[in-house]
Amino acid sequence: MGDSAYSFSLTTFSRTGKLLQIEYALNAVANGKTALGICAVDGVVLATDKKMPSVLVDSEQVHKIEEITPTTGFCYAGVGPDYRVLVKRGRKSSQAYSRIYGETQPVGQLVKSTAGTMQEYTQRGGVRPFGVSLLVAGLQGDGTPGLYQVDPSGAYFGWKATAIGKNYVSAKNFLEKRWNEDMELEDAIHTALLTLREGFEGEMTADNIQVATVRKDGKFVVLTPQQIQDYLDEAN
């Protein structure tokens, strides 16, 4: 009996030690729009493709990057509705932390909480894994910038730069060549745009991508289309 006999069960390991529903969730992530993050010495940048399936869709109503706390934000690749659930839970978790401790939740604590939620959905019957991977950018308790990736299994890792979604392999290879220890945020933003453009289908404009930054001494900010256009003009 092969692994296919276990493919519909979330809570049963296959003979080769796999939970196949989690692998299928990762396939949903790999089919999603490309998203990437870069951690610089003075901040973090998130960038993602948000090209619409039709020109009739109001792109201003589509948000692939969301602020969770004043210093932390999420970006995703995969199933959009699942992402909304995690955004809502992340905000509730950060509000509870703020109410108890009287301070903004550090990015590491938020990542652990979110990863715990995703892991719970891999070991209970009657549910399925979240079909998203998250990139989480924010500030640690001591003010240093941090970038994390959280997968459907609940596994999470800190990254200097990474990519998820479609073309993530080529995007990571591009980032490996471009990233360096002394990279500042402005350079990271330009590198993020160049990386997105590498695998972008069609013309990349300020309206079909989304970019956000968090600075070491500031807040998490989603850039406006005009700000993105200024960076695109500089890159050209």
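This is a predicted model: local features need pLDDT of at least 70, side-chain atom pairs count only at pLDDT 80 or more; totals for chains, interfaces and linings use all residues.
View 1. Residues are numbered from 1 along each chain as its sequence is written, and side-chain values use heavy atoms, leaving out hydrogens and water. Most residues other than glycine have a negative phi.

**View 2. A hairpin links β3 and β4.** Strand β3 covers residues 65–69 and strand β4 covers residues 72–78. The two run antiparallel and are joined by four bridges (strands pair if DSSP finds at least two bridges between them). The hairpin passes from β3 to β4 through two residues. To get your bearings, look for I65, which stands opposite C75 in β4.

**View 3. D82 and R128 form a salt bridge.** Side chains of opposite charge can pair when their charged atoms come close. Here the closest N and O atoms of D82 and R128 are 2.7 Å apart (a salt bridge is a side-chain nitrogen of Lys or Arg within 4 Å of a carboxyl oxygen of Asp or Glu). Because D82 lies in helix α2 (residues 80–101) and R128 in the loop between α3 (107–120) and β5 (132–139), the pair ties together parts that are 46 residues apart in sequence. Are the two partners buried or exposed? D82 counts as buried, at 8% relative accessibility, while R128 counts as partly exposed, at 46%.

**View 4. K160 and E181 bring two loops together.** This salt bridge has its closest N and O atoms 3.4 Å apart. K160 sits in the loop between β7 (156–158) and β8, and E181 in the loop between α4 and α5 (185–198), so the pair ties together parts that are 21 residues apart in sequence. K160 counts as partly exposed, at 47% relative accessibility.

**View 5. R215 and E186 connect a strand with a helix.** Their side chains meet in a salt bridge of 3.1 Å, N to O. R215 belongs to strand β9 (residues 209–215) and E186 to helix α5, so parts that are 29 residues apart in sequence are tied together. R215 is partly exposed at 33% relative accessibility, and E186 is partly exposed with a relative accessible area of 33%. A search of the whole structure finds four salt bridges.

**View 6. Stepping back to the protein chain.** The chain has six helices and 10 strands. Along its principal axes, the C-alpha trace spans about 55 × 45 × 40 Å. Buried residues make up 47% of the 236 residues. Of the contacts (heavy atoms within 4.5 Å) with a separation of 6 or more, 62% come from residues 24 or more positions apart.

How values were computed:
Buried means under 20% relative accessible area, exposed over 50%, partly exposed in between (1.4 Å probe, protein chains only).
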